[in-house]
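Open the model in your viewer and keep the sequence panel beside it. The tour moves from sheets to helices, then to a few backbone details.

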Amino acid sequence: MIERIWSGRSPLYLFLLPLSWLYGFVTFAIRCSYRAGLRRSWHAPRPVVVVGNLTAGGNGKTPVVIWLVEHLQQRGLKVGVVSRGYGGKADHYPLVLTSTTQTSEAGDEPMLIFQRTGASVAVAPKRVEAVQALLKQNDVDIIITDDGLQHYALGRDFEIVVIDGKRRFGNGWWLPAGPMRERASRLKTVDAVIVNGGEARTKELGMTLAPSLAVNLATGQRKPVEELASVVAMAGIGHPPRFFATLSALGMKTERNVTFADHQAYSLEQLSVLTQGDQVLLMTEKDAVKCRNFAQSNWWYLPVDAVFDRASGEQLLAKIMGLIK
């Protein structure tokens with residue numbers, strides 16, 4: 001239902017407009033308070049790159065963060081990452097991730113970034129505190145913040161907005177009548193706009209998500225996802241249909257698709273009933289980081305990677321590298 005409302009296919013958004021106007025007024029007032037100097041942003045002694053979005057729901061932001069971290073590391077930089085850690089509940093904040101940190105503490109996206117890149121990662125509801133903790137414990141050259149475009153308490157040197165190229169901005173209204181956290185005019189003030197799928201427009205950088213080999217959660221075995229048979233697919237991400245569409249594009253006919261809420265916490269009892277007999281359970285990598293401690297032999301996940309054309313990728317990296325002094 002919410003997808004129909006946000007996409008403009010349902011007139012029910014009209015009933016939510018008063019709440020949207022309130023949301024828009026509050027967010028506008030907050031931003032203006034920083035512009036007017038009534039509130040002050042804290043600026044880190046290292047360059048800060050924000051990777052965020054204007055809409056609620058999955059846009060492919062975390063794969064972009066991973067791509068940036070890996071390519072900056074390849075250029076010899078020590079990269080730190082900070083996040084809100086949504087979905088995690090730690091005994092204390094800020095929390096700097098270690099090999100013993102649990103997903104239930106840090107949240108799924110920070111844990112995914114930590115495991116994929118090996119970068120220093122810190123989470124806290126207040127991103128300023130996460131950056132300060134990161135700098136206290138690690139010598140980093142640059143900091144990437146996963147989300148936080150609207151978190152103006154943290155000063156930034158470079159802003160990137162990731163857009164779902166197919167859904168874009170839906171009906172264009174603020175939450176909850178539409179998907180917008182800020183209006184589309186905010187794009188005029190950011191440093192780069194990345195479009196995930198669909199068609200990139202003028203001054204936008206096109207990006208796609210490319211699936212890799214499927215990985216068995218229990219054994220680490222890798223194989224082409226097309227070789228998996230009797231598959232039940234599940235996804236608890238911001239936009240589950242994207243994952244199911246990826247499988248379909250690969251020629252896979254799943255026996256069932258199961259959708260969970262974004263940042264859903266899982267248990268063995270909850271997931272073991274999804275398959276029967278020789279069926280395989282296939283999930284996203286974001287789901288997988290929450291299931292490793294109780295993974296079964298028939299559970300697999302499909303990693304995806306952000307892919308840019310060479311010119312666009314080099315252009316973006318050159319601008320970011322230019323922040324290093």
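Two strands count as paired if DSSP finds at least two bridges between them. Helices (H or I, at least four residues) and strands (E, at least two) are DSSP runs, numbered from the N terminus. This is a predicted model: local features need pLDDT of at least 70, side-chain atom pairs count only at pLDDT 80 or more, and totals for chains, interfaces and linings use all residues. Residues are numbered from 1 along each chain as its sequence is written, and side-chain values use heavy atoms, with hydrogens and water left out.

**Stop 1**

Select V232. Its bridge partner in β13 is L281. Now widen the selection to residues 231-235 and 280-284. These are β11 and β13, paired in the parallel sense over three bridges.

Show the rest of the sheet. It is open, with six strands in the order β10-β9-β14-β13-β11-β12 and mixed pairing. Go to its edges, β10 (222-223) and β12 (256-259): each has a single partner strand, so one side of each is left without a neighbour in the sheet.

Next, select residues 240-249. This is helix α7, which lies across β11, β12, β13 and β14 (299-302). Contact here means heavy atoms within 4.5 Å. α7 runs at about 150 degrees to β11. Axes are lines fitted to C-alpha atoms, for helices over the stretch in contact, and angles run from 0 to 180 degrees between N-to-C directions.

**Stop 2**

Zoom in on β8 (residues 205-211). β8 and β15 pair in the antiparallel sense over five bridges. A210 stands opposite D305 in β15.

**Stop 1: a helix pair**

Select residues 61-74 and 108-117. The axes of these helices, α3 and α5, come within 10 Å and cross at roughly 30 degrees. That makes α3 roughly parallel to α5 (angles under 35 degrees count as roughly parallel, over 145 as roughly antiparallel, 65 to 115 as roughly perpendicular and the rest as oblique).

Show side chains. In α3, K61, T62, V65, I66, V69, E70 and Q73 meet E109, L112, I113, R116 and T117 of α5.

**Stop 2: backbone details**

Select Y93 and P94. A cis peptide bond joins them, with omega about 0 degrees. P94 sits in the loop between β2 (79-83) and β3 (95-96).

Move to L175 and P176. They too are joined by a cis peptide bond, with omega about 0 degrees. P176 is in the loop between β6 (158-164) and β7 (192-196).

Is D147 buried or exposed? Select D147, in the loop between β5 (142-146) and β6. Its phi is positive, about 75 degrees, although D147 is not a glycine. At 16% relative accessibility, D147 counts as buried (under 20% relative accessible area, with exposed over 50% and partly exposed in between; 1.4 Å probe, protein chains only).

Finish at H263, in the loop between β12 and α8 (268-272). H263 is not a glycine, yet its phi is positive at about 65 degrees. H263 is buried, with a relative accessible area of 16%.
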